[in-house]
Every structure is written in C-alpha cells, then in structure tokens.
Amino acid sequence: MAARKSYDQPLRVIGQSLEAQRIGIFELRLQGEGFVVRGEPEEETSLLAKLVNWQKRNRSAGLNGPLVFTTQDLDELERQGRSRRSKPNRLPDFHSLPNTLRTVGSYLEEKGAELIELRKKDLSITLLANNKAGHPEFEERGLAWFYDLFVDLHGKRKPNSQS
C-alpha cells in the first residue's frame, strides 16, 4: 500500500451531507480520490411530505443517481461544517451519521486499511478494505461495537480539538 490514507474527516463530511439529505442506509465506494454513494432518503411520514416527495420524483424522473464526492467537494463541505461547529469540548452524539462514519474512518486508519466499500445498514456496517499487506478483508460489525470505539477515541482526543 502506498501512502496511508486518512478517512475520518472525509467520511464525517460525507455523513453530514447524507444526514442533511436523510440518507441513513447506503453503499459507499472509493472511486479514485473521491467517493460514490448510493442510497435513498428515508420515507416521510406525513401525507403532505409524501405528496411533495412524489411531485419531486415525477419532475426529476431518471435524474436520481449516485452522489459523487470529489476531493474538492469534501474540502468545501469541511470548510462549511467547521464554521458551524460549536462546543468543542463536549462529547459528540455518536448516533449522528457524521460521528459514526468518522469513527469508522478512524478504525480503518488504525488498522492501516485502505477502504474499498462501506455499507451502512440500520444496525451494522459492513466494510471491504485492503489490509496492510494489500489483501482484501471483509467484516461486518454492529453499531454498538463502533460506539465503544467512539468513546475510546474521544477520550484520546486533544482538548479544544474541533475537527
């Protein structure tokens, strides 16, 4: 494996974008220096929201494809997100998608793994990644396992760290 890749920040930024679009179950693939995400927004429960979504789908039929995040997109989204962050010394909410994905990224970095694909389900995350030797490894872990890692990682972060 060439240079060690950093995944915690890009995955957190992608999580912010997906959370804003109400996409919680998805497939993410590394493509070159960027990421491609396929997923559908969660269903709205109110009748009015369902009608609005139905109208949007009819107007944009055939235009719904994967979301592509280039390095430039991620840099810009990171700048925008940094300006909105507050309360740097509090424990963030693990259950927010950005923090969950950030934790997954830290896990990959800790292992020295190179991400190929990530699948997020309701209660688990499946990873396909090349290990340090360059061989693909497949693993599925529950969100509870990543929560424990999140608490451990947060305890190791520097005070006043906003990133």
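Modeller: Relative accessible area, calculated with a 1.4 Å probe on protein chains only, sorts residues into buried (under 20%), exposed (over 50%) and partly exposed (in between). With a relative accessibility of 30%, Arg22 therefore counts as partly exposed. The model is a predicted one, in which local features need pLDDT of at least 70 and side-chain atom pairs count only at pLDDT 80 or more, whereas totals for chains, interfaces and linings use all residues. Residues are numbered from 1 along each chain as its sequence is written, and side-chain values use heavy atoms, with hydrogens and water left out.

The account may begin with the sheet as a whole. Helices (H or I, at least four residues) and strands (E, at least two) are DSSP runs numbered from the N terminus, and two strands pair if DSSP finds at least two bridges between them. Six strands make up an open sheet with antiparallel pairing, in the order E3-E2-E1-E4-E5-E6. At its edges stand E3 and strand E6 (136–142), each of which pairs on one side only. From one strand to the next the twist averages 20°.

Helices pack on this sheet. Contact here means heavy atoms within 4.5 Å; axes are lines fitted to C-alpha atoms, for helices over the stretch in contact, and angles run from 0 to 180 degrees between N-to-C directions. Helix H1 (residues 8–20) touches E1, E2, E3 and strand E4 (114–120), and its direction makes about 35° with that of E2. Helix H5 (residues 143–156) touches E4, strand E5 (124–130) and E6, and its direction makes about 90° with that of E6.

The strands can now be followed in turn. The loop between H1 and E1 holds Arg22, which has a positive phi near 60° although the residue is not glycine. Strand E1 (residues 26–31) runs antiparallel to strand E2 (residues 34–39), and six bridges join them. Across this pair, Leu28 faces Val37 in E2. The hairpin of E1 and E2 has two residues between the strands, and in it Gly32 adopts a positive phi near 65°. E2 also pairs with strand E3 (residues 67–69), in the antiparallel sense and over three bridges. There the bridge partner of Val37 is Leu67 in E3.

E5 pairs in turn with E6 in the antiparallel sense, over seven bridges; here Ala129 faces Glu137 in E6. Five residues lie between the strands of the hairpin of E5 and E6, where Gly134 has a positive phi near 90°. E5 is largely enclosed by the rest of the structure, because six of its seven residues are buried.

It remains to describe the neighbour of H1. Two packed helices are described by the angle between their axes and the distance between the axes. For H1 and helix H4 (residues 97–111), the axes come within 7 Å and cross at roughly 160°. H1 is therefore roughly antiparallel to H4, on a scale where angles under 35 degrees are roughly parallel, over 145 roughly antiparallel, 65 to 115 roughly perpendicular and the rest oblique. The crossing of H1 past H4 is right-handed, a term used when the near helix is turned clockwise from the far one by less than a right angle, the anticlockwise case being left-handed. Among the residues that meet are Leu11, Gly15 and Leu18 in H1 and Leu101, Val104 and Gly105 in H4. The contact of H1 with H4 divides into six nonpolar, five polar and five charged residues; Ala, Val, Leu, Ile, Met, Phe, Trp, Tyr, Cys and Pro count as nonpolar, Asp, Glu, Lys and Arg as charged, and the others, Gly among them, as polar.

H4 also contains Thr100, which is buried because its relative accessible area is 4%. Apart from neighbours within four places in sequence, Thr100 is in contact with Phe94, His95, Ile125 and Leu143.
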